[in-house]
Amino acid sequence: MGQNVRVSRVNRTTAAASFSVSFTVGLYGIAFGAAGIAAGFSLLQTCALSLLTFSGASQFAVVGVLGAGGTAISGITTASLLGFRNALYGLRMAPIVRIKGWRRIVGAQITIDESTGVSLGQSELGDRAMREGFWLTGIGVYIFWNIFTVVGALGAQAMGDPAAWGLDAAVPAAFLGLVWPRLTNKNERVLAVAAMALSISLTPFVAAGIPIISTALLAVAFGWKARG
Amino acid sequence: MWIAVLGTSAIAFALKYFGHSVPEKYLTNPRALRINILIPIALLSALVAVQTLTVKSKLVVDQRLAGMAVAVVALLLKAPFPVVVLGSAAASALTFHYLK
C-alpha cells in the first residue's frame, strides 16, 4: 500500500513537470510557425519541419538561412550543426530509456533539449520517473509544438507584411533568447560577439548562409584551446 | 525549399538515432564535448546578427535594430522568453510605422 502511494506521487510530480514544460515550450511553436511563413515557406512546409525535424533551433535556422537567401545546402548544414547536440542527448538517455526496435525510432525522434532536461531532473525519483519524464515530455512537446506551429503559421499568413507586426525582429530576438542562457563565461561571451562580427563582415562578400556556417569554425577554434 | 525541409529532417533524425545507438566512449572526448557546447553559441549569435542587420547581401540598419535593443534590455532584466520576443516585435513594429 505504502509503496503504491509513493509510486503514484512520483508519477504526479513527473507528470506535472512534463506537462508544464510541454505546454510552455509548445507555445514557442507560434513563433516558429510565424517565422516559417515570414521566411517564405508554405504552410505545409512549415508544418512538415515541426513534424519531421522536430528540433527548435534547427528549424529556426533552416528557415532563417533560406529566408536570408541562402541555399538548401547551407540551410541543411547550419541546422544539422545545431542538431548535433541531440545525438549527445541520445547517448545520455539510451542507458536510461533502454529502447529497441520501433520504439527506438519514436524515442529518437523525441530526444530533444526538453525531454532530456526533464528526465535528468527526475533523477532523485529513480529510473522509472526518469523514463516517464522522458516519454511524457517528449510526446507532450511534440503535440503542443505542432499544434502551435499551425496556429503561428495561419496567424502570420493572415498578417501580411511581417515587418508591420515586428515579426522581422521577433525571429532574431528568439535566437538571442536561445543563446543568452548559454553564455555562462567570458570565453563564451567573446565567442558570441566574435561570431556576430564575423558573420556581418562576411555578408557582403560571400553567398548567403556561408557567413553563418563559417562561425562554426570559430567555435572549433575557441573550443580547441579553451580550458575546462 | 522541400529539399531543405526533408534534408534537415533526415539528418536531424539520423543524429538523434545515432545517439541512441553508439557506444558511449565514441562521443565523450572532452575537446569534442567543449566544441559541441560552443557551436550553438556561434551559430545562434551569427543568426542574431545576420537577421538583424542584413537584407540579402547588404548591411541594413532599420526597425529591427530597435527591436533587438529592447530584446537585450529585456534579457538583462531577466525577462522570460515570451516577453523578450513580444517586446522586440512591438518595438520593431512601432519603429517601422514611425519611419514610414
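Modeller: Start with α3(A). Its buried residues are covered by elements that include α2 (29–38), α4 and α8 (127–159) of chain A, together with α1 (2–21) of chain B. Helices here are DSSP runs of H or I with at least four residues, strands are runs of E with at least two, and both are numbered from the N terminus. This is a predicted model: local features need pLDDT of at least 70, side-chain atom pairs count only at pLDDT 80 or more, and totals for chains, interfaces and linings use all residues. Residues are numbered from 1 along each chain as its sequence is written, while chains are lettered from A and ligands numbered from 1 in the order in which they are written.

Colleague: Which residues of α3(A) are buried?

Modeller: A:Gln45, A:Thr46, A:Ala48, A:Leu49, A:Ser50 and A:Thr53. Buried means 20 or more other C-beta atoms within 10 Å of the residue's own; exposed means 12 or fewer; partly exposed lies in between, with C-beta atoms placed from the backbone.

Colleague: Why is A:Phe54 called buried?

Modeller: A:Phe54 has 24 other C-beta atoms within 10 Å, so it counts as buried. A:Phe54 lies in the loop between α3 and α4 of chain A. Its phi is near 45 degrees, a positive value in a residue other than glycine.

Colleague: Is B:Lys78 buried or exposed?

Modeller: Exposed, because B:Lys78 has 9 other C-beta atoms within 10 Å.

Colleague: Why is A:Ile210 called partly exposed?

Modeller: A:Ile210 has 18 C-beta neighbours inside 10 Å, so it counts as partly exposed. A:Ile210 is in helix α11 of chain A. A:Ile210 and A:Gly70 are 140 residues apart in sequence and 7.8 Å apart in space, C-alpha to C-alpha.

Colleague: How many residues of chain A are in contact with chain B?

Modeller: 80 residues of chain A are in contact with 60 residues of chain B. Contact means C-beta atoms, placed from the backbone, within 7 Å. α5(A) gives the most to the side of chain A that touches chain B, with 18 residues.

Colleague: What is the largest nonpolar core?

Modeller: A set of 106 residues; A:Phe175, A:Ala219, B:Ala42 and B:Leu43 have the most contacts inside it. A nonpolar core is a set of buried Ala, Val, Leu, Ile, Met, Phe, Trp, Tyr and Cys residues joined through C-beta atoms within 7 Å. Helix α2 (residues 30–53) of chain B supplies the largest share of this core, 13 residues. Leaving aside neighbours within four places in sequence, A:Phe175 is in contact with A:Phe60, B:Leu44, B:Leu47, B:Val48 and B:Gln51.

Notes. Contact = placed C-beta atoms within 7 Å.
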